[in-house]
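Please read it alongside the sequence and the coordinates.

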Amino acid sequence: MSPQRLLGDERGFTLTELLVTMLVGIVVLGGVVTLVTVTAASSGRISERVAANQLARPQMARVMNELHSACISPGLAPILAGSTSDSISFIHGTGSAVAPTPVKRTIAVSGGMMTDTTYLKTGGTAPDWTFSATPDKTYRLLERVGQIGTTPIFRYYGYENGAISQTPLPVPLSATDAARAVQVTISVAIAPTQSGTSDEEGAPIELTNSALVRFSPSNEDTEQAGLPCT
């Protein structure tokens, strides 16, 4: 076979074909890198959201349990005057004793932090106890706490015509309204650690729960106020 024939049979890539191939390879590689990056970020946001949910629900249950143990004496109005939309003060007690030792608790949200502060009893008799003005201890419940839209974090309701009113009592609670408060609703949004995105994966965890502060159902006599702990 002649050298001319061999040269004519040689196969290879032209410069244009090589450039096109490289361009296609770069596009495919870029797509793979983008997919891996997005998947990793998405997985991270989901993990943070799950972690925030797992942390927030037990703390919400803790606050609900404290409110459910508020009626420790007949005639007690456990929700205290001065409670607001971002801070609630109430009396409660737990334990095996027939008459549990009461404590005053203040659950407050400030600067994105929810705290639980305890004040010890200093004197008085049921249901008119007195409590120290100095906190005994403060426990940090949650971080990155905020409102759900414009919904107040703490809302208080009284009975009206034999049923719980759909309109919250005005805050801060006056002494009269505090004595009428028979239900507390807590609504909070807990942001994941790396929140800041508006997508569903990075959106805050929204929790809402209510505690009814009563020993018994409301009065059948709708002319009388259904008071707490009666």
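Pro-102 is found in the loop between β1 and β2 of this predicted model, and with a relative accessible area of 4% it is buried. Although Pro-102 and Lys-121 are 19 residues apart in sequence, their C-alpha atoms are 6.6 Å apart in space. Once neighbours within four places in sequence are set aside, Pro-102 is in contact with Ile-72, Ile-91, His-92, Lys-121, Trp-129 and Phe-131.

## Overall architecture

The protein chain has three helices and eleven strands, and read along the sequence these follow the pattern α-α-β-β-β-β-β-β-β-β-β-α-β-β. Of the 230 residues in the chain, 35% are buried. Among contacts with a separation of 6 or more, 59% are made by residues 24 or more positions apart. The accessible surface of the chain comes to about 13,500 Å², and carbon and sulfur atoms account for 57% of this area.

## Nonpolar cores and a surface patch

In soluble globular proteins, nonpolar side chains tend to be buried together. Here the largest nonpolar core has 29 residues, and those with the most contacts inside it are Leu-67, Ile-79, Ile-88, Tyr-156, Ile-186 and Val-188. At least two residues of this core come from each of α2 (15-68), β1 (87-92), β2 (103-110), β5 (137-143), β7 (154-157), β10 (183-190) and β11 (205-212), and the largest share, six residues, is supplied by α2. Apart from this core lies another, of ten residues, which includes Cys-71, Ile-72, Tyr-119 and Val-213.

Not counting residues up to four places away in sequence, Val-188 touches Met-60, Met-114, Val-145, Gly-146, Ile-148, Ile-153, Ile-205, Glu-206 and Leu-207. Between Val-188 and Gly-149 there are 9.5 Å from C-alpha to C-alpha, with the two residues 39 apart in sequence.

Leaving aside neighbours within four places in sequence, Gln-59 is in contact with Tyr-139, Leu-141 and Leu-142. At the surface, by contrast, Leu-15, Leu-18, Leu-19 and Met-22 form a nonpolar patch with about 430 Å² of accessible area together, and one of these residues, Leu-19, has its place in helix α2.

## The disulfide

How many disulfides does the chain contain? The count comes to one, formed by Cys-71 and Cys-229, whose sulfur atoms are 1.9 Å apart. The torsion about the S-S bond of this pair is about -85°, so the disulfide is left-handed. The pair links distant parts of the chain, with Cys-71 in the loop between α2 and β1 and Cys-229 in the segment after β11, 158 residues apart. Both cysteines are buried.

## Salt bridges

Side chains of opposite charge can pair when their charged atoms come close. The count of salt bridges comes to seven, and the table sets out some of them with the distance between nitrogen and oxygen.

| Pair | N to O distance |
|---|---|
| Glu-66 and Arg-105 | 3.2 Å |
| Glu-143 and Arg-144 | 3.6 Å |
| Arg-180 and Asp-177 | 3.4 Å |

For the salt bridge between Glu-66 and Arg-105, Glu-66 lies in helix α2 and Arg-105 in strand β2, so the pair ties together parts that are 39 residues apart in sequence. Glu-66 is buried, with a relative accessible area of 6%, and Arg-105 likewise counts as buried, at 11% relative accessibility. These two residues also belong to a network of salt bridges that links Arg-62, Glu-66, Arg-105 and Asp-116.

In the bridge between Glu-143 and Arg-144, Glu-143 is partly exposed, with a relative accessible area of 32%, and Arg-144 counts as partly exposed at 34% relative accessibility. Arg-180 and Asp-177 are three residues apart in helix α3 (residues 175-180), so about one helical turn separates them. Within this pair, Arg-180 is partly exposed at 26% relative accessibility, whereas Asp-177 counts as buried at 13%.

Key
Residues are numbered from 1 along each chain as its sequence is written. This is a predicted model: local features need pLDDT of at least 70, side-chain atom pairs count only at pLDDT 80 or more; totals for chains, interfaces and linings use all residues. Side-chain values use heavy atoms; hydrogens and water are left out. A nonpolar core is a set of buried Ala, Val, Leu, Ile, Met, Phe, Trp, Tyr and Cys residues joined through side-chain atoms within 4.5 Å. Buried means under 20% relative accessible area, exposed over 50%, partly exposed in between (1.4 Å probe, protein chains only). Helices (H or I, at least four residues) and strands (E, at least two) are DSSP runs, numbered from the N terminus. Contact means heavy atoms within 4.5 Å. Accessible areas come from the Shrake-Rupley method with a 1.4 Å probe; for residues, only the protein chains shown count as cover. A disulfide is a pair of cysteine sulfur atoms within 2.5 Å. Patches are made of residues with over 30% relative accessible area and no salt bridge: like charges are joined within 9 Å, nonpolar side chains (Val, Leu, Ile, Met, Phe, Trp, Tyr) within 5 Å. A salt bridge is a side-chain nitrogen of Lys or Arg within 4 Å of a carboxyl oxygen of Asp or Glu.
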